[in-house]
Amino acid sequence: MLSAAWATAQNPVIRDQFSADPTARVFNDRVYLYPSHDIPAPEGQRQDWFCMADYHVFSSDNLTEWTDHGVIVTQNEVPWVRPDSYSMWAPDCVCKDGKYYFFFPSAPKSGRGFAIGVATADKPEGPFTCAPEPIKGVMGIDPSVLIDDDGQAYMYWAGGPMRGAKLTSDLMSLDGEVKNMEGLPDGFKEGPFAFKHDGHYYLTFPWVRKDKGTETLAYAMSDSPLGPWDFKGIIMAESPTGCWTNHHSILPYRGQWYLFYHHNDYSPSMDKRRSTRIDRLTFLSDGTIKEVTPTLRGVGINKATERLQIDRYSKASEGVSSVLLDTVDTFRGWELILPHKGSWASYADVDFSGMSRSYMVANVMAQDNTSFTLRAGGPKGKVIAQAKVIVKTEGQHPRDYSGKWMNVTAEVQHLPAGVTDLCLCCDGGELHVDWLQFKNHDKYYSPAPTTASTPDAQGFIRRWMVLEAIDKPNPTNIVFTDSYLREEFNREYFKGQFTTMPKDGQKVKVGKQTLTWHALESAKYNLKLFRFAEQTNRPVYGVLFWAVTIIDSPEQIDNVRLAVGSNSASMWWLNGAEALLLSGDRRMVEDDGMSPRLTLKKGRNILRGAVINGPGMSDFCVRLLDEKGQPVRNITINHQ
């Protein structure tokens, strides 16, 4: 069953299940990942050992978005596998002549130890059909298949001395003698993965160095696919957290080589449940491999619009940590902890391409007034956005209390061009961060063109001149009585308030505030004043808005009514005379208030409105209805 793709450029790359022993292959310019599948041991099985019942396949074309194609082989459907063995260990998959061959080990119904079987398919994601018997002459685990330049296939396996042999042209059986792989170091070895690069053959394998106890990833080179081998050293050192096993594959994709391996990220107290990671791999000029340092960040480029798991940081200042959100439900992931002012964490390769006017959302937990800054490049880079955790502020809309996760938003001040590193800096107080994300503002409105418009199909007027929000603290909406509103709405806040038609970009003084008029075309029937205030970096609560528009009528129209909805209270004037007052604590509903009968004169008419709010998301909608209650649409709307 195909499941939806999810974005995850961080390690581990498979985030909803365990995925060990990852073999990655490129088919049709897409990476297919064939891991084993660790599961909690069912009753009756050994609880402290590896337990695997089936195989999934995943695919990606960018190493960041992975699609689970579902189960391709399960122990209950393989004719030769003991159905209660739970031993579907490390697999491999190759393609030859347009056909896909999936090699896997398991415990056979008869006899002891492990055998290796083959399943075939016409597509890399299956469906796969299992051969009725395992490959004869092979007892072992962890098959790896190399198809050489001349088409000859070789299989390598572990479970005792590392062995290899030619395969027949149909890849279903051995072709010739089995050879021990000579030249490898002493000590426990398993999980071979063979490949060819620049004329060199590479045999790579997990290896336990003397007195170490846990596995490294090591490699040897040869001029022949079956050796003898020249041992070269380490690809990846032992796990710093003590995970006993490692298992891997290596492949090039679009000009870069990658190491796929596993670690017990989601199961820190039980290293028999592993998860796939990816990091970059580099060859030196003599063909040897530069040792790979495992990272939390992983590979790939994240779009800024994805949820960025910044707890998988690339670099961090001293004292920064990444801890599980839930030690029981580990697949919830991690949180980043910045312990004090000056702490920072950097997350590499975030793509801001295609973004325009945008804002940041961060899921955080902190004490009241804890602030943080996002910067481009590093802790001294250009400021992208600044935010403050407001737990609860007197007179403002209530927010979550400390000790709970909450979303904090901030407008983007500087939008990076293209791909950059993102640095989160704590400006004071301990800060916990789960994820952060950038979003383009919905197109609630756009700059109004100079040409005239008409009402929409329902008669709503969408063209308005709107003044930036006047800061007028109102802790509650219940004070919006008729007398209070008439006094406040008829107060002069700026010159020409009731007599002049403002121009787009014109500035006015309101007390100590300098505010600008904007010519707007609303994308919806209602103009989102809350979003307008947000996007002009003005207060969004405890504010007063002024709006004005020009209605040009080809004739005099009698007995029209002004129909208005607003959040919260509002007052409206037509040609200088009061037309309608909506008082009290309201929610925006179309035609919530209806004026007495009015006359729309032939030619130019000026409609003004004022909307006041305390808490809440301010907006309004306006239309004219004729004496039959139908929208008036034979008019034009201008702002100049």
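Figure 1. Partly exposed means a relative accessible area between the limits of under 20% for buried and over 50% for exposed. Asp 230, with a relative accessible area of 40%, is therefore partly exposed. Lys 232 also counts as partly exposed, at 38% relative accessibility. The two residues form a salt bridge in which the closest N and O atoms are 3.0 Å apart. The model shown here, as in every view below, is predicted.

**Figure 2. The salt bridge between Asp 38 and Arg 274.** The closest N and O atoms of Asp 38 and Arg 274 are 2.6 Å apart. Asp 38 lies in the loop between β3 and β4, and Arg 274 lies in the loop between β19 (256-263) and β20 (275-281), so the bridge ties together parts that are 236 residues apart in sequence. Asp 38 is buried, at 1% relative accessibility. Arg 274 is buried as well, with a relative accessible area of 2%.

Figure 3. Arg 486 of helix α1 and Glu 578 of strand β40 (residues 577-582) link distant parts of the chain, 92 residues apart. In this salt bridge the closest N and O atoms are 2.6 Å apart. Arg 486 is partly exposed, at 33% relative accessibility, and Glu 578 is partly exposed, with a relative accessible area of 37%. A network of salt bridges links Lys 472, Glu 487, Glu 488 and Arg 491. The count of salt bridges in the model comes to 28.

Figure 4. The largest nonpolar core has 42 residues, of which Val 73, Phe 102, Phe 104, Phe 128, Tyr 156 and Leu 203 touch the most other members. Strand β15 (residues 200-208) supplies the largest share of this core, four residues. Another core, of 37 residues, lies apart from it and includes Leu 527, Val 560, Phe 620 and Ile 637. In soluble globular proteins, nonpolar side chains tend to be buried together.

**Figure 5. The ring pair of Phe 50 and Trp 89.** The model holds 39 aromatic pairs. In one of them, the ring centres of Phe 50 and Trp 89 are 6.0 Å apart and the planes stand at 70°, so the pair is edge-to-face. Phe 50 is in the loop between β3 (30-36) and β4 (54-60), and Trp 89 is in the loop between β5 (65-74) and β6 (92-96), so the contact ties together parts that are 39 residues apart in sequence. Phe 50 is buried, at 11% relative accessibility, and Trp 89 is buried, with a relative accessible area of 15%.

**Figure 6. The ring pair of Phe 498 and Trp 546.** These rings have their centres 5.6 Å apart and their planes at 85°, so the pair of Phe 498 and Trp 546 is edge-to-face. Phe 498 belongs to the loop between α1 (482-489) and β35 (507-510), while Trp 546 belongs to strand β37 (residues 543-553), so the pair ties together parts that are 48 residues apart in sequence. Phe 498 counts as partly exposed, at 29% relative accessibility, whereas Trp 546 is buried, with a relative accessible area of 2%.

**Figure 7. An aromatic cluster and two charges over rings.** One aromatic cluster is formed by Tyr 34, Tyr 55, Trp 80, Phe 102, Phe 104 and Phe 128. Arg 307 lies over the face of Trp 435, at 3.7 Å from the ring centre. Over the ring of Trp 334 sits the charged end of Arg 312, 3.8 Å from the centre.

Conventions:
Residues are numbered from 1 along each chain as its sequence is written. This is a predicted model: local features need pLDDT of at least 70, side-chain atom pairs count only at pLDDT 80 or more; totals for chains, interfaces and linings use all residues. Side-chain values use heavy atoms; hydrogens and water are left out. A nonpolar core is a set of buried Ala, Val, Leu, Ile, Met, Phe, Trp, Tyr and Cys residues joined through side-chain atoms within 4.5 Å. Buried means under 20% relative accessible area, exposed over 50%, partly exposed in between (1.4 Å probe, protein chains only). Helices (H or I, at least four residues) and strands (E, at least two) are DSSP runs, numbered from the N terminus. Rings of Phe, Tyr and Trp (its six-membered ring) pair if their centres lie within 6.5 Å; planes under 30 degrees apart count as stacked, over 60 as edge-to-face and the rest as tilted. A charge sits over a ring if NZ of Lys or CZ of Arg is within 6 Å of the ring centre and within 35 degrees of the ring normal. A salt bridge is a side-chain nitrogen of Lys or Arg within 4 Å of a carboxyl oxygen of Asp or Glu.
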